[in-house]
Amino acid sequence: MSDKLYGLMAEFDSATELVDAANAVREAGYTKTDAFSPFPLHDIDEALGVKRSILPVLVFFGGITGLMLGIALQVFVHYIDYPLNVGGRPYLSWPSFVPPSFELTILVAGFTAVFGMLFLNGLPRPYHPVFNVSRFALASREKFFLIVEAADPQYSYDETRGFLESLGPQEVFDVPE
Amino acid sequence: MRDLKEIQLSMQPPMVQGDHNYGTVSDKIGDVTLKRRTPFHWFIGFGIAFMIAQALLFTVTVLLARGIGIWGNNQPVGWAFDIINFVWWIGIGHAGTLISAILLLLNQKWRTSINRFAEAMTLFAVACAAMFPLLHTGRPWLAAYWLFPYPNTMGVWPQFRSPLIWDVFAVSTYATISLLFWYVGLIPDLATLRDRAKDKKFKFLYGIFSWGWRGSARHWHRYEIAYLLLAGLSTPLVLSVHSIVSLDFSVSQVPGWHATIFPPYFVAGAIFAGFAMVLILTIPLRVWYNMKDFITDTHLIYMGKVMLATGLIVVYGYAMEAFFGWYSASQYEVFMIKNRIWEGPYWYMYWLLILCNGISIQFLWFKRFRESAFWLFIISIVVSIGMWLERFVIIVTSLNRDFLPSSWAMYSPTVFDLSMFIGTIGFFFTLIYLFVRFLPIISIFEVRTLLPEANVHGHQQDFDESVLEVEYTYDRTDPPNK
């Protein structure tokens, strides 16, 4: 185990304790923090000061791209590349282009939502320093964790450790890099 | 809005029974997958399903070797079992998306413990459905150029003015988005299994497929947004899919197909058939795997009610079809209705359909039947048969006697029609059995949010709460966070 630490991690038993601790950590001025819970906690966003994600904007533009793609494809096929007279209908018979364009809108927007979320989250990332703490396996089960990273400007080992211990956690762990 | 929602949520009965905490929820659902010993009944069920699936393999082999002449399709009944079965399967899939997307947007907490396998059911049903039109082309590898737009050596393109091409786009989008939705829901649960698995192989596999999920608050934030947006996208998608399937029929001129009521009537029928299939799967599953704490009697009652409501819409559709036929004053339409209901050779199919879809669901008005898992199971099977008969009635009775009596002909399926259909049922249950064995059948992290201890200062952490609505009350002048 190297001497360099990724940060300090505190373990809590309940969601309420975690949110209270996260509030305290934010109020103390720490910024490079993160919380881990076995299910989504809405109050934690506020407590940690998580910024609202840009994902909905990306998904909107993904949908627009899909729509444009659908229209462009069908106009190209039936108006530009291979105009085909079927029963005297207009070449640019746009009402019948609506369903495929709609489906492509949904398809591209859906892809953007999923892969945009994974990309913004920096996943896939099978290895991360937090996994070095053996108790962290419980983060996907029943325990709640709060981490202050060593990269935080206000971080100093003894002070931060003392502060985290004052929040009433089950235990405070060193997280090796 | 918030107040209304709080009231709405407080009126719903508890969806988790028994004494549970985060740990026991994780164990109870995760152990079905992680326990080394596979229950004996799993082998029996899987074995039977797998054997039946061989009928599909055999039929497809013969079909590709000898062509679709092995089926009973003829002129004028060119669309027969393959399209009946296609519509039947794709309809079944719709309940999965309804449960996972529409009920999520409507704040229905009871979706939480049934959405996972309802979505799995959707995927497998769509896989079965897609086989039929593909194999109906006879040589699917030669059909690609008129199904998908790609620059081919012949320089021709698909005809986008045709509902059949709309269908290709709708069904392939539906399959893709359903897969994404299902997989995104699985990621946190796969992480749970990764952290709990003792076996190195499984730990590795679950680790790969959970993409290194660690439950960070920032990740959850984006995760919920993505999930909610997917639900919002899936809702119009699912309505469009069966509407487009119905346009395959109603855009044509054939009496009995050319009806404006088709899109809503097909969508209601799809949800009706889908809930019947969800009940058929749920009722044995919750007994075999002892999941009654999560899939409570309330869940079954709700599904019964949805089945009754959608069933009544479908019955209204039958009534309207008959009314339109008469009101059109077109001799072909009037003849079609008479032919379908009492004069034609398939009149008994129509009455079987009314018995299965119209009469059987009336029992659901009574508490005694709604609250009995046994009767719900029986009614669901009857409804599944009824929905198959509905597609038979629409397709075969309309085609076999159309405009010119000189082109009338009878249709009867061959043994290959039957073996292909039964084979897909085997294939479907094979996939269901594999899913039950290797993946968590109930969404573990969503069930955790239902527990009272998940509340922070009394504030419920519903997964279905719109994250886009969360109010940010903290002072923006706080240290900016990266």
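The radius of gyration discussed here is taken over C-alpha atoms, and the globule rule used for comparison is 2.2 Å times the number of residues to the power 0.38. In this predicted model, chain A has a radius of gyration of 25 Å, whereas a compact globule of 177 residues would come out near 16 Å. A look at the box filled by the C-alpha atoms of chain A goes well with that value: along the principal axes, the box spans roughly 80 × 30 × 30 Å.

Turning to the fold, chain A is built from 5 helices and 4 strands. Read from the N terminus on, these elements follow the order β-α-β-α-α-α-β-α-β. Of the contacts in chain A with a separation of 6 or more, 81% join residues 24 or more positions apart. Buried residues account for 45% of the 177 residues in chain A.

The partner chain brings us to the interface, where 65 residues of chain A are in contact with 64 residues of chain B. On the side of chain A that touches chain B, two or more residues come from each of helix 1 (15-27), strand 2 (33-36), helix 2 (42-48), helix 3 (55-81) and helix 4 (98-120). Helix 4 of chain A gives the most to this side, with 13 residues. Sorted by class, the side of chain A that touches chain B holds 37 nonpolar residues, along with 16 polar and 12 charged ones.

Technical notes:
Residues numbered from 1 in each chain as written. Chains lettered and ligands numbered in written order. Predicted model: local features only at pLDDT ≥ 70, side-chain atom pairs only at ≥ 80, totals over all residues. Contact = placed C-beta atoms within 7 Å. Nonpolar A, V, L, I, M, F, W, Y, C, P; charged D, E, K, R; others polar. Buried ≥ 20, exposed ≤ 12 C-beta atoms within 10 Å, placed from the backbone.
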